[in-house]
Amino acid sequence: MELVDLYDENRIPLGKTAERHAPKGPGEYRLVVHVCAFDSRGRLLIQRRAEEKTVWPGRWDVSVGGGVDAGETSRQAAEREFREELGFPLDLGSLRQSVTVNFDGGFDDFFIIRRDFDLPSLVLQKEEVSEVRYVTEAEAEAMVLDGSFIPYPEGFLRFLFAMRDTFGFPTK
């Protein structure tokens with residue numbers, strides 16, 4: 001059973017935990033994270049979700065994503081998820097999330113990094129990820145339109161691509 005910390009609408013900890021997938025009470029929210037890894041050519045590393053996944057099976061998504069476990073910070077969860085899903089020990093140092101998106105159940109922190117990965121050397125977690133590849137902004141947008149990518153809101157992927165060179169963008 002995966003436990004998550006609960007927060008109020010202002011992201012103040014409530015001092016309570018709950019099972020990750022269990023319904024939350026009114027005013028109770030959880031944290032999730034995503035990492036968007038761009039290479040030196042400005043392409044986004046994307047992953048194809050395993051067919052066995054309950055949510056969005058077989059669809060493409062940004063580099064890494066997952067829930068923040070109880071007792072973890074968003075940064076710690078992003079590093080853990082990157083290590084689990086792609087087999088790479090990512091160190092975000094003191095990097096803060098680039099953007100936070102509110103969703104019905106909580107807060108989704110997106111970390112944006114730049115790093116060139118040797119894709120064949122990544123060790124994919126077969127229960128989570130079936131393949132990885134790099135895409136340009138135009139390719140990602142086309143994948144959203146053809147239904148092969150998770151249906152992020154219109155323009156959201158363009159926003160992430162635009163954010164890749166701003167706000168102290170880390171290069172290591």
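Reader: What is the relative accessibility of aspartate 109?
Author: This is a predicted model: local features need pLDDT of at least 70, side-chain atom pairs count only at pLDDT 80 or more, and totals for chains, interfaces and linings use all residues. Residues are numbered from 1 along each chain as its sequence is written, and side-chain values use heavy atoms, with hydrogens and water left out. Aspartate 109 lies in strand β8; strands (E, at least two residues) and helices (H or I, at least four) are DSSP runs numbered from the N terminus. Aspartate 109 counts as buried (buried is under 20% relative accessible area, exposed over 50%, partly exposed in between, with a 1.4 Å probe and protein chains only), because its relative accessibility is 0%.

Reader: Which side chain joins that of aspartate 109 in a polar contact of 2.5 Å?
Author: A polar contact is a pair of N or O atoms within 3.5 Å; within protein, one must be able to donate a hydrogen and the other to accept it, and residues adjacent in sequence count only if both atoms are side-chain atoms. The side chain of aspartate 109 makes a polar contact of 2.6 Å with the side chain of threonine 100. The 2.5 Å contact joins aspartate 109 to serine 74.

Reader: Is threonine 100 buried, partly exposed or exposed?
Author: Threonine 100 belongs to strand β7. Its relative accessible area is 32%, so threonine 100 is partly exposed.

Reader: How far apart in space are threonine 100 and glycine 25?
Author: Threonine 100 and glycine 25 are 75 residues apart in sequence. From C-alpha to C-alpha, the distance is 22 Å.

Reader: In which element is glutamate 141 found?
Author: Glutamate 141 counts as buried because its relative accessibility is 17%. Residues 137-146 form the element that holds glutamate 141, helix α2.

Reader: Which side chain makes a polar contact with that of glutamate 141?
Author: Glutamate 154, in the loop between α2 and α3 (156-163), joins arginine 158 through a side-chain polar contact of 3.2 Å. Glutamate 141 also has a side-chain polar contact of 3.2 Å, and its partner is arginine 158.

Reader: What separates the C-alpha atoms of glutamate 154 and glutamate 141?
Author: Glutamate 154 counts as exposed because its relative accessibility is 67%. Along the chain, glutamate 154 and glutamate 141 are 13 residues apart. Their C-alpha atoms are separated by 9.1 Å.

Reader: How much space lies in the largest pocket?
Author: A pocket is an open set of points on a 1 Å grid over the protein atoms alone, where a 1.4 Å probe fits, with protein on both sides within 12 Å along at least five of seven lines; lining residues have an atom within 4 Å of a point. Its volume is the space filled by probe spheres set on the points, which are joined across faces, edges and corners. For the largest pocket, that space is about 970 Å³.

Reader: How many residues line the largest pocket?
Author: Arg20, Val32, His34, Arg49 and Gly66 lie nearest its centre. Elements giving two or more residues to the lining include β3 (30-38), β4 (44-49) and α1 (74-86). The number of lining residues is 35.

Reader: How many charged residues does the lining of the largest pocket hold?
Author: Ala, Val, Leu, Ile, Met, Phe, Trp, Tyr, Cys and Pro count as nonpolar, Asp, Glu, Lys and Arg as charged, and the others, Gly among them, as polar. The lining has 13 nonpolar and eight polar residues. Its charged residues number 14.

Reader: How many aromatic pairs does the structure hold?
Author: Rings of Phe, Tyr and Trp (its six-membered ring) pair if their centres lie within 6.5 Å; planes under 30 degrees apart count as stacked, over 60 as edge-to-face and the rest as tilted. Phe110, Phe149, Tyr152, Phe156 and Phe159 are linked into a cluster by ring pairs. The number of aromatic pairs in the structure is nine.

Reader: How far is the charged end of arginine 133 from the ring centre of tryptophan 60?
Author: A charge sits over a ring if NZ of Lys or CZ of Arg is within 6 Å of the ring centre and within 35 degrees of the ring normal. The charged end of arginine 133 sits over the ring of tryptophan 60, and the distance to its centre is 5.4 Å.

Reader: What is the positive phi of tryptophan 56?
Author: Most residues other than glycine have a negative phi. Tryptophan 56 lies in the loop between β4 and β5 (60-62). Its phi is positive, about 55°.
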